[in-house]
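Thanks for coming. I'll take a few minutes on the pockets in this model.

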Amino acid sequence: MRIIQVDNQVEGGRVAFELLKEKLANGAKTLGLATGSSPLEFYKEIRESDVDLSDLVSVNLDEYMGLDGDNDQSYRYFMQKNLFDAKPFKESFLPNGKAANIDEEVVRYNALLAEHPVDLQILGIGTNGHIGFNEPGTPFDSQVHAVELTESTIQANARFFEKIEDVPTQAISMGIKNILSAKSIILFAYGAGKAYAIAGMVDGPMTEELPASSLQSHEDVVIIADKAALSGLKRI
Ligand code: GLP
């Protein structure tokens, strides 16, 4: 794992954008994308650039169940607003949170990921070490699956909703195995709230209790983080 300490999210966004440009120059065709606040400055950097993504495909990590793409809390809406409206891809895929049959949607999204191997996967990290919506206890060999969100994740995400009862309790997420199959990975983490997760991910044992620790087995992971998020590490 390579760790790049940045002063703030704006610098983090710029650093990641430079890495993205390298990948594009080397022929990257499929981007794995994430929602949450951590990649926002990265998306802004892309929006304000002259980079053209119209030949690329994007696949997103996850989506809430029960929200359709027009709902302003859905991850589809988030992606439209923060990236796709300004920089359309050839095709952009997310799980369908309104699918009538969740089992079929899981199979469909898994097949779609197999068709579109990810060159660069963007990740944030939950305070409990989750990646995508893979909560502690998720098997490292998991593929796309339906997820019951933990109380801590529901609470952490409540800030985006009017009231906590509005936060969906289920999601569809890429599994750990899908995430690890990306050729390269950039993970953003900002703030002291992420220090526990980052320390476990980097220095802790590889354990399903801290899903992000699975990234230790990947050979091309770049962590872009501020000092507070790195404060639990033994060394940088
Ligand atoms: C959610 C998302 C994750 C994201 C995490 C952290 O749970 N499903 O993909 O990494 O939140 O979000 P933030 O970047 O806002 O801290």
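The largest pocket has a volume of about 650 Å³. Of the 33 residues lining this pocket, those closest to its centre are Thr-35, Gly-36, Ser-37, Asn-157 and Phe-160. This is a predicted model, where local features need pLDDT of at least 70, side-chain atom pairs count only at pLDDT 80 or more, and totals for chains, interfaces and linings use all residues. Residues are numbered from 1 along each chain as its sequence is written, and side-chain values use heavy atoms, with hydrogens and water left out.

A word on terms. On a 1 Å grid over the protein atoms alone, a pocket is an open set of points where a 1.4 Å probe fits, with protein on both sides within 12 Å along at least five of seven lines; lining residues have an atom within 4 Å of a point. Volume is the space filled by probe spheres set on the points, which are joined across faces, edges and corners.

Which elements each supply at least two residues of the largest pocket's lining? They are strand S4 (62-64), helix H3 (75-84) and helix H5 (151-157). Helices (H or I, at least four residues) and strands (E, at least two) are DSSP runs, numbered from the N terminus. H3 gives the largest share, five residues.

The second largest pocket has a volume of about 190 Å³. Helix H4 (102-115) and helix H6 (176-180) are the elements giving two or more residues to its lining. The largest share, three residues, comes from H4. Among the lining residues are Asn-110, His-116, Met-174 and Lys-177.
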